[in-house]
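Have a look at the structure first, then work through the points below.

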Amino acid sequence: MSRTYAVAAVAAVVLATVLVGGFGLRISRTTSDFYVASRTVRPRLNAAAISGEYLSAASFLGIAGLVLVHGPDMLWYPVGYTAGYLVLLVFVAAPLRRSGAYTLPDFAEGRLESRQARRMVSVFVVAAGWLYLVPQLQGAGLTLKILTGAPGWLGDVLVASVVVIAVAAGGMRSITFVQVFQYWLKLTALLVPAIFLVLAWQGDGRPRVSFDEQLSVFRADHPLYATYGLIVATFLGTMGLPHVVVRFYTSPNGRDARRTTVAVLALIGVFYLLPPVYGALGRLYAPELIHGGDADAAVLLLPGRIVGGIGGDLLGALIAGGAFAAFLSTASGLTMAVAGVLTQDVLPSRGVRHFRLATVLAMCVPLGGSLAVSRVPVADSVGMAFAVSASSFCPLLVLGIWWRRLTPPGAIAGLLLGGGSAFLSVAITVSGAVRPPGWPHALLAWPAVWSVPVGFLAMILVSLATPGRIPPGTNAAMTRFHLPEALTSGRHR
């Protein structure tokens, strides 16, 4: 790929992100604009924004890399990422919006009437956000290194800087427009080259794609357990991802929150048809990546391998721009979510000035982690973040919305035992202290199978053991969650 084209594409995406964010700055006037865009984002716009921030480096590069290396078993990733929104639609979307909260800690305090529960949720939101941010920054470093030969750290720093500027400038109002633009850019950046790649493959005589040679992680290392671990994490983890949840607070009402979720299912479903195409073609045209440790680069390299010439350079530049859009959009959403929590629960004031300071703090830790920690395949590392989310926020949201007997001690116990054990498992896996094969590695690498039930059971059992701690406002909160806004506001009697 021509480095000139690649640099121009990345520069264009960065410039467009700053300009679109600047438009959001012009219409951001209040604190509510910064946190939840004054709850005025309509379903179609919000669905594109959610899809933009949700389709991360794991989606744009990681799924194709996993299919390339491990074969069709990895298709559970896009299936799980998409199906998670169906669970979100059924159990969480509308009641969460009706809660009137700004963040997950707001929801926890409003439902449980406990500052201690709020602080615990805040810790997990920040930890999950940072865990998810690291692979976005590392993916940016890998992309810029492959495309331009620049040092790996430069991509990390570039994405971190642009995200801090965009988020600090206009908050949620600004980021909404940025993420809508970046969703359509990402879809175009994968769809257009995929069409040309498939046409070139057909012109090459349609060679058969074989997955006989593959690093069969699921088949070699307790495949049934690993598959279910992935399914549970991706199906249930979506509903608790901080950057996804916070976007539902921007909907005008619960009905619009549900409509938004349905639209998101369609948008990301279309997108996830594309990465497996790149993974399959990578088997034919970039087989050395299977054992080379850079399988995530398959999407970036294929236009030059298959099409070649100036056409390959232009298609590669389009993909490069889409890849950077993936890093920027997801990193923006995560930074927004973490900064909101830091502003409300760590810094002494909740004003816009402290929000901007929190934005810098929200990015500094994951940037340091991305530079210090050895690179893990992006889809794998994001899958670990899903496991932590599924084990902590999923029990809190489902029980908090649907079970009136949940108590603050129960919620805290579930967060510590479910989310804490999943986070510890992820840390041990990343450190390499327990290596495959064997049950110890499988249990730690895919903890959601056991950590999610632990989270639910801990919340239920401890709540049943502390019936005197049921918050006095529980009935009012449950009514607010489950009745349409028109009824609870008293407009229609």
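Let's start with Trp184: at 43% relative accessibility, it counts as partly exposed. Bear in mind that this is a predicted model. The points below begin with the ring pairs and then move on to the cores and a surface patch.

**Aromatic pairs**

- Trp184 pairs up with Tyr183 in an edge-to-face arrangement, with 4.9 Å from centre to centre and 75° between the planes.
- Tyr225 belongs to helix H11 (residues 223-237) and Trp439 to helix H21 (residues 439-445), so the pair ties together parts that lie 214 residues apart in sequence.
- Tyr225 counts as buried because its relative accessibility is 13%, under the 20% cut-off.
- Trp439, on the other hand, comes in at 44% and counts as partly exposed.
- Across the whole structure, a search turns up 13 aromatic pairs.

**Aromatic cluster**

- Tyr54, Phe60, Tyr77, Tyr81, Tyr85, Tyr132, Phe271, Tyr272 and Phe386 come together as one aromatic cluster.
- Tyr54, Phe60 and Tyr81 from that cluster are also among the residues with the most contacts inside the largest nonpolar core.

**Nonpolar cores**

- The largest nonpolar core takes in 138 residues, and Val159 and Tyr278 are also among those with the most contacts inside it.
- Helix H9 (residues 152-203) is the top contributor to this core, giving 17 residues.
- What does Val159 touch, leaving aside residues up to four places away in sequence? Its contacts are Leu137, Ala140, Phe324, Phe327, Leu328 and Ala331.
- There's also a second, separate core of five residues, including Ala226, Ala442, Ala445 and Trp446.
- As background, nonpolar side chains tend to be buried together in soluble globular proteins.

**Nonpolar surface patch**

- Some nonpolar residues show up on the surface instead: Leu191, Val192, Ile195, Phe196, Leu199 and Val307 form a patch there, with about 480 Å² of accessible area together.
- Where does Val307 sit? You'll find Val307 in the loop between helix H16 (298-306) and helix H17 (309-345).
- Val307 has a relative accessible area of 35%, so this residue is partly exposed.

Terms used. Residues are numbered from 1 along each chain as its sequence is written. This is a predicted model: local features need pLDDT of at least 70, side-chain atom pairs count only at pLDDT 80 or more; totals for chains, interfaces and linings use all residues. Side-chain values use heavy atoms; hydrogens and water are left out. A nonpolar core is a set of buried Ala, Val, Leu, Ile, Met, Phe, Trp, Tyr and Cys residues joined through side-chain atoms within 4.5 Å. Buried means under 20% relative accessible area, exposed over 50%, partly exposed in between (1.4 Å probe, protein chains only). Helices (H or I, at least four residues) and strands (E, at least two) are DSSP runs, numbered from the N terminus. Contact means heavy atoms within 4.5 Å. Patches are made of residues with over 30% relative accessible area and no salt bridge: like charges are joined within 9 Å, nonpolar side chains (Val, Leu, Ile, Met, Phe, Trp, Tyr) within 5 Å. Accessible areas come from the Shrake-Rupley method with a 1.4 Å probe; for residues, only the protein chains shown count as cover. A salt bridge is a side-chain nitrogen of Lys or Arg within 4 Å of a carboxyl oxygen of Asp or Glu. Rings of Phe, Tyr and Trp (its six-membered ring) pair if their centres lie within 6.5 Å; planes under 30 degrees apart count as stacked, over 60 as edge-to-face and the rest as tilted.
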